[in-house]
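The following exercises are to be worked with the sequence and the model in view. Each task is followed by a solution in steps.

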Amino acid sequence: MKKSNFQFHLKGKTLVLIDWANIYAQQKNLEWKLDVKEIFQYFQSYTEVKEQIIFFGKDNNQKSKDFLKECRTIGFKVITKDVKY
């Protein structure tokens, strides 16, 4: 994700909220993949962005647990909700 391809024009302090379920679904539908680290770095490049929060459905799947750990390590504040099956 290159900043030169798309830019936001922010006015003051900004909070980034990401609902990963929507991104995940669109990745499958559109057959493209976003890297969560690149997303974080992209928004972090804006000095106005003060916090980035990612919302994610939590379950006992190891892949999900690893993803949550990665998001926290990258710098996201993570908010989870148990997945309903």
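**Exercise 1: A residue and its contacts**

Apart from residues up to four places away in sequence, Q27 touches W20, W32, K33 and L34, where a contact means heavy atoms within 4.5 Å. The model is a predicted one, in which local features need pLDDT of at least 70 and side-chain atom pairs count only at pLDDT 80 or more, while totals for chains, interfaces and linings use all residues. Residues are numbered from 1 along each chain as its sequence is written, and side-chain values use heavy atoms, with hydrogens and water left out.

Task. Determine in which element Q27 lies, and whether Q27 counts as buried or exposed.

Solution. Step 1: assign the element. Q27 belongs to helix α1; helices (H or I, at least four residues) and strands (E, at least two) are DSSP runs, numbered from the N terminus.
Step 1: apply the cut-offs. Buried means under 20% relative accessible area, exposed over 50%, and partly exposed in between, with a 1.4 Å probe and protein chains only. Q27 counts as buried because its relative accessibility is 10%.
Step 2: turn to two of the partners. K33 and L34 are touched by Q27. K33 is in the loop between α1 and α2, and L34 is found in the loop between α1 and α2 as well. K33 counts as exposed because its relative accessibility is 72%, and L34 counts as partly exposed because its value is 23%.

**Exercise 2: The chain as a whole**

Task. State how many helices and strands the chain has, and in what order the elements run from the N terminus on.

Solution. Step 1: count the elements. The chain holds 3 helices and 3 strands.
Step 1: read the order. From the N terminus on, the elements run β-α-α-β-α-β.
Step 2: consider the extent. The C-alpha trace spans about 40 × 25 × 20 Å along its principal axes.
Step 3: Of the 85 residues in the chain, 27% are buried. Among contacts with a separation of 6 or more, 68% are accounted for by residues 24 or more positions apart.

**Exercise 3: Surface patches**

Task. Identify which residues form the nonpolar patch on the surface and which gather in the patch of negative charge.

Solution. Patches are made of residues with over 30% relative accessible area and no salt bridge; like charges are joined within 9 Å, and nonpolar side chains (Val, Leu, Ile, Met, Phe, Trp, Tyr) within 5 Å. A salt bridge is a side-chain nitrogen of Lys or Arg within 4 Å of a carboxyl oxygen of Asp or Glu.
Step 1: take the nonpolar patch. L15, L17, F55 and I79 form this patch, and together they have about 330 Å² of accessible area, by the Shrake-Rupley method with a 1.4 Å probe, where for residues only the protein chains shown count as cover. F55 is placed in strand β2 (residues 49-58), and F55 counts as partly exposed because its relative accessibility is 31%.
Step 2: take the negative patch. D35, E38, D66 and E70 gather there on the surface. Lys and Arg count as positive and Asp and Glu as negative, while His and the chain ends are not counted; the place of a charge is NZ of Lys, CZ of Arg, CG of Asp or CD of Glu. D35 has its place in the loop between α1 (20-30) and α2 (36-44), and D35 counts as partly exposed because its relative accessibility is 35%.
Step 3: The accessible surface of the chain is about 6,600 Å², with 52% belonging to carbon and sulfur atoms. The chain has 16 positive and 10 negative side chains, and the centres of the two sets are 4 Å apart.
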